[in-house]
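Hi,

Here is the structure I promised to pass on. Have a look at it first, and then read my notes below.

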Amino acid sequence: MVLLESEQFLTELTRLFQKCRTSGSVFITLKKYDGRTKPVPRKGHVESFEPADNKCLLRATDGKKKISTVVSDNFECFFTSFPFENTQIWEE
């Protein structure tokens with residue numbers, strides 16, 4: 001999985017939508033992200049860790065290519081820059 005900056009993620013997401021427009025699907029997942037890059041330690045081990053506030057890990061895949069990005073507090077600003085009018089997301 002490739003972790004991209006926000007602008008690169010939107011560009012690649014647009015490419016995924018265009019590639020899968022005629023056939024295929026794009027799956028988008030969203031989960032809370034606390035900034036950890038390692039698993040939570042076992043009990044008894046003390047680790048000073050300050051969780052990141054209000055971050056989300058956003059992932060997209062077409063089954064072959066996987067992309068992801070971390071979005072901070074400005075989640076609404078992130079998606080308003082995506083050109084949704086050029087994609088038909090809810091098409092069945």
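This is a predicted model: local features need pLDDT of at least 70, side-chain atom pairs count only at pLDDT 80 or more; totals for chains, interfaces and linings use all residues.

**Starting from C20**

If we skip its neighbours within four places in sequence, C20 is in contact with S25, V26 and D62.

Where does D62 sit? Its place is the loop between β3 and β4. Is D62 buried or exposed? With a relative accessible area of 14%, D62 is buried, because the cut-off for that label is under 20%.

One is the side chain of K19, with a polar contact at 2.8 Å. Another is the backbone nitrogen of K65, which the D62 side chain reaches at 2.7 Å. Leaving out residues up to four places away in sequence, D62 touches L16, K19, C20 and S25.

The loop itself belongs to a hairpin: β3 and β4 form it with 4 residues between them, and G63 in the turn has a positive phi of about 100°.

**The overall layout**

Stepping back, the protein has 2 helices and 4 strands. Read from the N terminus, its elements follow the pattern β-α-β-β-β-α. Of contacts between residues at least 6 apart in sequence, 60% join residues at least 24 apart.

As for the surface, the accessible area of the protein is about 7,500 Å², and carbon and sulfur atoms account for 51% of that. Buried residues make up 24% of the 92 residues.

**The sheet**

The 4 strands of the open sheet are ordered β1-β4-β3-β2, and their pairing is mixed. β1 (2–3) and β2 (27–33) stand at the edges with a single partner strand each, so one side of each has no neighbour in the sheet. The helix α1 packs on the sheet and touches β2, β3 and β4; its direction makes about 145° with that of β4.

Strands of a sheet pair through backbone hydrogen bonds, either parallel or antiparallel. Here is how the pairs work out in this model:

- β2 and β3 pair in the antiparallel sense over 7 bridges. K31 has L57 in β3 as its bridge partner.
- β3 and β4 run antiparallel and are joined by 6 bridges. R59 is partnered with S68 in β4, T61 with K66 in β4, and C56 stands opposite V71 in β4.
- β1 and β4 run parallel, with 2 bridges joining them. L3 stands opposite S68 in β4.

If you follow S68 through that list, you will find it as the bridge partner of R59 and also opposite L3.

**The nonpolar core**

In soluble globular proteins, nonpolar side chains tend to be buried together. Which residues form the largest nonpolar core here? There are 11 of them: L4, F9, L13, L16, F17, C20, V26, L58, A60, I67 and V71. The elements that give two or more residues to this core are α1 (6–19), β3 (55–61) and β4 (66–71). The largest share, 4 residues, comes from α1.

Several names from earlier return in that list. C20 is a member of the core, and so is its contact V26. L16, which D62 touches, is a core residue as well. V71, opposite C56 in the sheet, also belongs to the core.

L58 is another core member to look at. L58 is placed in strand β3 and counts as buried, because its relative accessibility is 1% and the cut-off is under 20%. L58 and T29 are 29 residues apart in sequence, yet 5.9 Å apart in space from C-alpha to C-alpha.

**Where to look when you open the file**

I would go to the D62 side chain with K19 and the backbone nitrogen of K65, and then move on to the core residues, among them L58 and C20.

Best wishes, and happy browsing!

Terms used: Residues are numbered from 1 along each chain as its sequence is written. Side-chain values use heavy atoms; hydrogens and water are left out. A nonpolar core is a set of buried Ala, Val, Leu, Ile, Met, Phe, Trp, Tyr and Cys residues joined through side-chain atoms within 4.5 Å. Buried means under 20% relative accessible area, exposed over 50%, partly exposed in between (1.4 Å probe, protein chains only). Contact means heavy atoms within 4.5 Å. A polar contact is a pair of N or O atoms within 3.5 Å; within protein, one must be able to donate a hydrogen and the other to accept it, and residues adjacent in sequence count only if both atoms are side-chain atoms. Accessible areas come from the Shrake-Rupley method with a 1.4 Å probe; for residues, only the protein chains shown count as cover. Two strands pair if DSSP finds at least two bridges between them. Axes are lines fitted to C-alpha atoms, for helices over the stretch in contact, and angles run from 0 to 180 degrees between N-to-C directions.
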